[in-house]
Amino acid sequence: MADREIDEDSPIFAIAVAAELSNMHPQTLRQYDRLGLVVPARTQGGSRRYSSRHVQQLREVARLSSEGMSLPAIARLLTLEQQVHDLSRRVSELERQLIAERESRPGARVFAAGATGSVVTLRHGARVRRATDIVLWRPRDAHGD
């Protein structure tokens, strides 16, 4: 059998299983859901389904709470961690797209600014002749003279 990794965001655990995995009472999980701390996915029938990521969050909530952190502070922390997670996934997605784009375009192009300020396309490895013109800039005075 192939060794497959389970997606950490797949909602696969019923509330009883998630409660057991996080060493909490199911009612605590319901309360955290109501408070918006750890919000599970829902089935079409309305049952809660937790992912392994949710279980990790529940364990973290329990740890932070036992250390004296308030629930609003924990909620803020979880929100920031979710943002970091989402941004990390987005960066990975963009990196994959960039790699695919580079592989699909052999002889990648480079861009430079032309003498008039327009964008000039250069082939990979091409050198830009450097301009040696001197431009004198004089600021206008307040009267436009």
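The model is predicted, so local features need pLDDT of at least 70 and side-chain atom pairs count only at pLDDT 80 or more, while totals for chains, interfaces and linings use all residues. Residues are numbered from 1 along each chain as its sequence is written, and side-chain values use heavy atoms, with hydrogens and water left out.

Me: Why is Ser 66 called exposed?
Reply: Ser 66 has a relative accessible area of 63%, and exposed means over 50%, against under 20% for buried and partly exposed in between, with a 1.4 Å probe and protein chains only; Ser 66 is therefore exposed.

Me: What makes the pair formed by the side chain of Ser 66 and the backbone oxygen of Arg 63 a polar contact?
Reply: A polar atom of the Ser 66 side chain lies 2.7 Å from that backbone oxygen of Arg 63, and a polar contact is a pair of N or O atoms within 3.5 Å, where within protein one must be able to donate a hydrogen and the other to accept it, and residues adjacent in sequence count only if both atoms are side-chain atoms.

Me: How do you know what fold the annotated "coiled-coil region" has in the model?
Reply: The unreviewed UniProt entry places that annotation on residues 77-104, although annotations may be inferred rather than shown by experiment; in the model, residues 77-104 are 100% helix and 0% strand, with the end C-alpha atoms 41 Å apart, helices being DSSP runs of H or I of at least four residues and strands runs of E of at least two.
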